Each structure stands twice: as C-alpha cells, then as structure tokens.
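Good morning, and thank you for coming. I would ask you to keep the sequence and the structure in view while I speak.

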Amino acid sequence: MAATNDDTLTKVSTDASTEFVQSFYPALQSNRDAIGSFYLPTPSTILFNGNTVADGAAVQDIFVNQMPPAHYEVQSFDCQVVNRAYPTTTATGVKPSAQMGVKDMSVLVIVSGHVRYGESRDQPQRGFSETFVLVPNPSADRGKRRDWLIQSQNFRLVV
Amino acid sequence: MKSMKSRGGRSGGTDRGGIRKRGPTRTDRDGDMDMDGGGARAKRGRGDSGRLAAGGRVQSRDKTMDAIQKAISSSKDSSQVNIRQGKAGGGTWSDSPLVAFLERRMNAMTKSGPRAKITKSRVEGDSLVVFVRSDLADKMLRINGNLFAGIHVSVEPHTSAPSSTLDQDLASAAGTSASTADTKSKMTAILGKRYYPDTKLLDLSKLGTDPDLLAMGIFNTTSTESKFFPALMKVWEMGFTTSAQRREAVQSVSLAHNQLANISVVTTLAQTVPDIKNLDLSNNNFKDAQSLIGWRWKFRNLEFLDLTGNAFSADPSFKDTMLKWYPKLRILNNVEVRTAEEIAAQKKTPIPVQAPYFQDESKIGENFVRAFFAGYDNDRNDLINGVYDDRSTFSLNVNTMAPKAQQAEAAGWDSYIKKSRNLLKISHLPARMSRAYVGAEKIREVWNTLPQTRHPDLTTHPEEMLLECHPIPGLPDPSGQSETGVGGLLVMVHGKVEESVGAKIETRSFDRTFILGPGGGVGGIRVINDILCLRAYGGHEAWSPENQAIPQAVAPPPAPAAVQPGIPDGYGVPAPGKTDTQLQQEQLIAQMSSKSGMTLQFSEMALSGNGWNLDAAWKNFEELKAQGALPTTAFVSGA
C-alpha cells in the first residue's frame, strides 16, 4: 500500500461519512426501497434498540412493511478511520495490501439527531444515537455503486 | 422624575388579563387612565395576551426580577412614559414595533443634536412604559394622538406614585431592606395560609378578594398588580433550599376565580412548579387557546386540567387542543379524556425497545467500560497510559440542538465547542484534521483541557448508562502479521455525565463509541477509536425496555448475584411466626433493594408508600433519584 498522508486520510474518511449520512437518512425517510443497497452482503451486527436484524434486506423489509413514516434530522456526526487497509474479501480472496488504494479504509461514524415517527408534526422528537462501521464495497462491479457499505450498525433512541 | 402615561382607543371586549381585584377598587386602578380619550375607559380592552411571555418564550425568574429592578432604578435619571395601544382582535402584541415608531416620531421632531432614543421599555398590563432622557419628555408627549397601526396612541406621564414603595418591594422581594422584608413576610404568611402540605396543593384561587392582599394594596396600581405574582412566586421559591424540594412540594395548583383573560401575569408559575399534575383554571376569562399559549410547552406532567367556567371550554377545538398540548392529560374539565393505557401506548416506538445487546463472553468490554469511566473521572493520565497508544484516535462532537429531558436545564458548551468535530459544521479540512487527536500524547493534552467529570456508578445506578457491545472483524493488526486483520470489540455507551464547573454541577448526556483491539495495553487491549458526542441531558427513560416494567441492570455487576449486601439471614425466607403478608413484603423489599441499590429501610418506604406495588415503587424511585431527592444514606454503601 502506498503511504497515505494524514490529509488524504481525513479527506477520504470525512467525505465518505458525509456522503453516507446525507444519503442514508433520506433513504430511511423517503427511499426505503434503496435501504438494502447500503449494506454489506454479510454484515457483522445490526441493532435497532437492542433488536438484532439479520442483514440489509431484513432492515429494508422492516422499514418498507412495518415502519410508519419517519422524519430524521441529523444534528451532529463525526467519523474516524478504523483500519486504513481494511482486508476486503473479494471473489479471489482477501485483497492484498499491495493492491490497496486510499479508499480501502474502514470508517467509524457516530451520528446524533432526532426522529419523529408518524405523519403528524405534533409527534415528539425522539433523540437517537447511531454508530456505523463502514467498510469498502467488495463488489467488483465498477458501475453505479456505493464506495462504502455498512458492516455494523447500532441505532438507539436515547431521549 | 418626570413620568408620563398614555393609552390608545380601546376596542372593547373582556377584561384584560391579570389578577385583579373586583368591586370599587377597580376605579382606583383606573385612576391611572384618566387621560384616556372618550368612551374607551368604560369598555375595557381585550386581553392583550402575550406580553413578556409571548409565544412561550422561556423567561428566567431572575431576569424578570432584575428587569423590574433595573426599570425602577433607571427611572431616577430618566423620564418614564406610559403608552397604551388598543388592539383589536386580542392578538399578541409586541412592543418593539411601537418602540421603533415612537423613536421615529421623536426624531422627526428633532432638528439637531443626538438622536432621540428610548433607553428602556417594558410592558405593564396593557401599557407600554418607556424611559427617555428628560429633555425628550416634551417631544414624547406630543406623540399623543398619533396613529400607530391604525390606532390612536395616547401618551401620558407615568406615575407609579402612591404605592411606589410597595412597587419596589415587590421588585426586590429577595432584597434586604426593612420594608422589603415586611412585604416578604406578609407574602410568606399568605402563602402559608394557601398551601396544604398533606395534599401538596397551592391554592391561589380568588386572589382578588384576599383580605391580606387587599390590605397590602397589591391591586391599587397596574405596576404592583403585574409584579405581584412573580414576586409571590419568588418568595415561594425562597422557601426551599433545593429545586428538588421545590418541585416535590406542590402537585396541584388552583388559580380558579381570578378573572384571568390570559396567563401573562401568572406565567412564572410554570417555572416555579413545572412538574405539577393538577391545575385548576376554572372560572376565569380564558376565551381561546391563544390566551393560554404561553403554557403550550409547559407543565409536561399535567394529568388534570380544569377550565370549566371559561369561554374556551365551549370552543369546538378545545378538547383536541388540550390533548395535543399536554401528552399526559387524562382528566379535562372533570371528564376522562385519555386512559392510562393510551398514555402508555404513546411511549411505544415502532421499534420495540429491548434490553441492551451485550455480546462479550470474556467480559473484556464490560471490564473496559468500568475501568474507563473510573479512570476518566479520576485519573485520565493513568487511563491513557493504560490503554491508549500512538495510533489511538479521539475526537468529540457537540450536538447543541439535541432533544432534552423535561426539566433539564441547558448547560453551556464553552468548554467543548472549539474542539467539536461536528462534521455538519466543521467543513474545512484543516479544522477536521486539527480536531481529531491521534496518539496518546495528543489525547492526553486535550483531555487535560476538558472539564472534570463524574459518570454514574454502574453498580448503584445501572439504569443511568446503557452499554452495548459486540465483536467486529477487520481491525488493524498492530503487529502487522495478519493479512485478514484482527477481531475486536465495538463498544457503545450512552448515559449521564456530571461536570463540576467552578462551584456549579452541570449535567449532560453523552454517547461514546469505542473500538477496542488486541494490543499491548492493560488487559491485552488497546483503544483504536474513541468518539464522544455530548448533548443536553436527555434522561434514561428512552432505553428502559418497554416490555418489562423494571429495567434490567445494564451490565450485571461482577459480584456474585446470590449474595446481596445488607440483607440479614432469614430475611425473605419463611419462618415460624412470620405471616404470609410479612414474607411477601420482605421478598418485595429485598427485590426492590437489589434493583435499586437502596437499603431495606428505604426500599420498604418506597413500597409501602406505593401500596406495595413494585412497579409503582420503582417508578417513584426513579423519579426521586432523577430529581436528586434521595439522600446518600438511602443506598447500601459500597454496593
């Protein structure tokens, strides 16, 4: 792996998390059919208020079929690089570090905001905290794909 | 002091808001209004709602007192003018456009010299009292009769004369002068007669006919009348040493029979007793929702509200509006409008709240969290030396807008805001870089600048923190040997944190996520990532599991569960001569004590005070603890 300087690490990780936050929450709100596309095919752990959910398809199913309309507002978020050379498993095995670029990092994202369930504006704003670990998309498909996918997710109502 | 007073043509309607006395004294008060243009006096103005509390703006008690005091002291060197502006429709009126208008008019008359300026203004009843330099007084008076917003404004010198001593005493109820002390002691006596400790009722009904208040001349002028209630509340508050005691003392308030057309005069009640469950506003002159708007977001625990004998009760939207305003309201005008089940259902979320997910077979996460918060509170250097290395990363972000728990007072963010790496706000790369701290030394440096903290004790207050933890793969291997990376733990903590800032204790909530990997630190681990989010205190109700009445301990204490401190042998066990009731009670007490960390004695008090209902006792315990009303002696020491 080419030595990557701190500027690049910060830029890539903060751009990745910004892009993620700005597309994931709108999807939960109004593009629920796309929710599954945010997840790694075999994610590590997905938690909502202590309930485990198997994978992205199951999350999407819950949001499409069981969740009332929800209005999310992200009020603060931050991220850090976890592993600047994340060992992505591809069809041909684990990607060797020699082939890795700057985008082969995993990123920890923590989000703080509020959510309002239901159509009515009078519903209470519930504070939430959500933690994600994003990892490089292992798909070789160079088409229109997301660069990072959810490996772990933990949503908690906190207020 | 030159003092002027004015008022405009009134547009008829009901009495204006305010606690007022009835009968002949009404003309005394109206004596102030003699300069009024024809006919308006007989028809009183509509309730000029809003005033200082318009739109539900929170106004601090102390600021009210300060403002009144300032207004009085400043009147020594400037002229005071009273302006009345009638307003049709009874909408909220704000004084600022009127102030600007008056300044414009005065400037139009000023050919040279400094610009005319209104140095201070305040709303008093339906008048606006403004202060100007003495040389401007004549110009001010000439505005009398001018049109503002289609209404003739009348300007007249303001006299706060005969009761000015009382006026000042009310303003400085907290002061020390002899007459102030006298006013205060009279008020204390009045409150004493009107408070019923057994039922926690503060009966402030029919104030206008209270002989003691009449004797004090409270209702003789607009000025004293408008200051009376805030001062009364101030005196009431001074009777308590802690806000918890004050909140605890009153459960019900009656303001019945006070001829209130809006809440402006009594608005401070919401700050003094924010937690009341029962409020009687019957037999006043509230005619619509607008007349109560200042309490739209107050009294969040209100269960009983009586507005019978008010025109508003006949409004078709009355019930819906009140249900919307007060989520816990159950009885409105003596009719049940919501069941307990309906109230419980409101708290349900689409995703049921479960006990924390804690996958941590070798207790690495749990031991880390225990050691971490103890270290962070007591010896940050030692903590850094133990588990942070030259690649550990720490950053913090502040959510200044987060929803907060009811009653939570917002603490400032000065100690953190310049380090906050909220990426919504920090968009420039250099700032994003400088606000992430990589390596033990940089982390040490920033931690040493952050306020001292106290996190909840996980053993005695497990419910105040939520811990979740599970393994994650793909972490960097510090030894560089593993191609596939190493496994570690993702640890997420939410909870309360207290800070001592000077003599003050600030309470906040935090969310903190760690990634732990194998390493050379204490316990064979290292902190790879540590992200802290701080926000206003949000309580811990949100993570109480919905399907269990009693929240589970977040992380079970490592002590063997079978041995419970403070429980004598044979307690809760059948024995000769022990009745079934006694046995059941002992078992409940032991259960309560084990869950709450309270002594047997306090657990018994909690249960017997709640009809031996464990759920109710637990709820009660949580409330008291949240209010800080439980003494340390309530808890088993060292548990």
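This is a predicted model: local features need pLDDT of at least 70, side-chain atom pairs count only at pLDDT 80 or more; totals for chains, interfaces and linings use all residues.

In what follows, helices are DSSP runs of type H or I with at least four residues, strands are E runs with at least two, and both are numbered from the N terminus. By that definition, chain B has 20 helices and 21 strands.

Chain A has two helices and eight strands, and along its sequence they follow the pattern α-β-β-α-β-β-β-β-β-β. Of the 159 residues in chain A, 46% are buried; in chain B, the figure is 41% of 639 residues. In chain B, residues 24 or more positions apart account for 74% of the contacts with a separation of 6 or more.

I turn next to the place where the chains meet. There, 50 residues of chain A are in contact with 55 residues of chain B. Which element gives the largest share of the side of chain A that touches chain B? The answer is β3(A), with nine residues. Other elements that give two or more residues to this side include α1 (6-30), β6 (106-117) and β7 (126-136) of chain A. By class, the residues on this side of chain A divide into 19 nonpolar, 24 polar and seven charged.

Because 10 of its 14 residues are buried, β3(A) is largely enclosed by the rest of the structure. Its antiparallel neighbour is β6(A), to which 12 bridges join it. One pair to find on your screen is E73(A) with its bridge partner in β6(A), H114(A).

We can now look at the nonpolar cores. The largest has 90 residues, and those with the most contacts inside it are V107(A), L108(A), V109(A), L134(A), V491(B) and L516(B). Strand β21 (residues 525-536) of chain B gives the largest share of this core, eight residues. Please select L108(A). Leaving aside residues up to four places away in sequence, L108(A) touches C79(A), Q80(A), V82(A) and V133(A), and, in chain B, T513(B), I515(B), N529(B) and I531(B). There is also a second, separate core of 43 residues, with L204(B), W236(B), A256(B) and L307(B) among them.

Let us move to a sheet in chain B. Strands of a sheet pair through backbone hydrogen bonds, either parallel or antiparallel. In this open sheet, seven strands stand in the order β8-β9-β10-β11-β12-β13-β14 (chain B), and the pairing is mixed. Which strands lie at the edges? They are β8 and β14 of chain B, each of which pairs on one side only. Within the sheet, β12 (residues 304-306) of chain B pairs with β13(B) in the parallel sense over two bridges; L305(B) has L332(B) as its bridge partner in β13(B).

Two loop residues call for comment here. Most residues other than glycine have a negative phi, and most peptide bonds are trans. K200(B), in the loop between β8 (195-196) and β9 (201-203) of chain B, has a positive phi of about 55 degrees although it is not a glycine. N333(B), in the loop between β13 (331-332) and β14 (335-336) of chain B, likewise has a positive phi, near 50 degrees. Is K200(B) buried, exposed or partly exposed? K200(B) counts as partly exposed because it has 17 C-beta neighbours inside 10 Å, and N333(B) is partly exposed, with 17 other C-beta atoms within 10 Å.

Next comes a pair of helices. Two packed helices are described by the angle between their axes and the distance between the axes. Helix α13 (residues 364-378) and helix α14 (residues 380-387) of chain B pack at an angle of about 140 degrees, with axes 6 Å apart. That makes α13(B) oblique to α14(B). In this contact, F372(B), G375(B) and Y376(B) of α13(B) meet R380(B), D382(B) and L383(B) of α14(B). By class, the contact has three nonpolar, one polar and two charged residues.

I close with one more loop. P478(B) is found between β18 (465-475) and β19 (486-501) of chain B. P478(B) and P518(B) are 40 residues apart in sequence and 8.3 Å apart in space, C-alpha to C-alpha. P478(B) is partly exposed, with 16 other C-beta atoms within 10 Å. Thank you for your attention.

Definitions and conventions. Residues are numbered from 1 along each chain as its sequence is written. Chains are lettered from A and ligands numbered from 1 in the order in which they are written. A nonpolar core is a set of buried Ala, Val, Leu, Ile, Met, Phe, Trp, Tyr and Cys residues joined through C-beta atoms within 7 Å. A residue is buried if 20 or more other C-beta atoms lie within 10 Å of its own, exposed if 12 or fewer, and partly exposed in between; C-beta atoms are placed from the backbone. Two residues are in contact if their C-beta atoms, placed from the backbone, lie within 7 Å. Axes are lines fitted to C-alpha atoms, for helices over the stretch in contact, and angles run from 0 to 180 degrees between N-to-C directions. Angles under 35 degrees count as roughly parallel, over 145 as roughly antiparallel, 65 to 115 as roughly perpendicular and the rest as oblique. Ala, Val, Leu, Ile, Met, Phe, Trp, Tyr, Cys and Pro count as nonpolar, Asp, Glu, Lys and Arg as charged, and the others, Gly among them, as polar. Two strands pair if DSSP finds at least two bridges between them.
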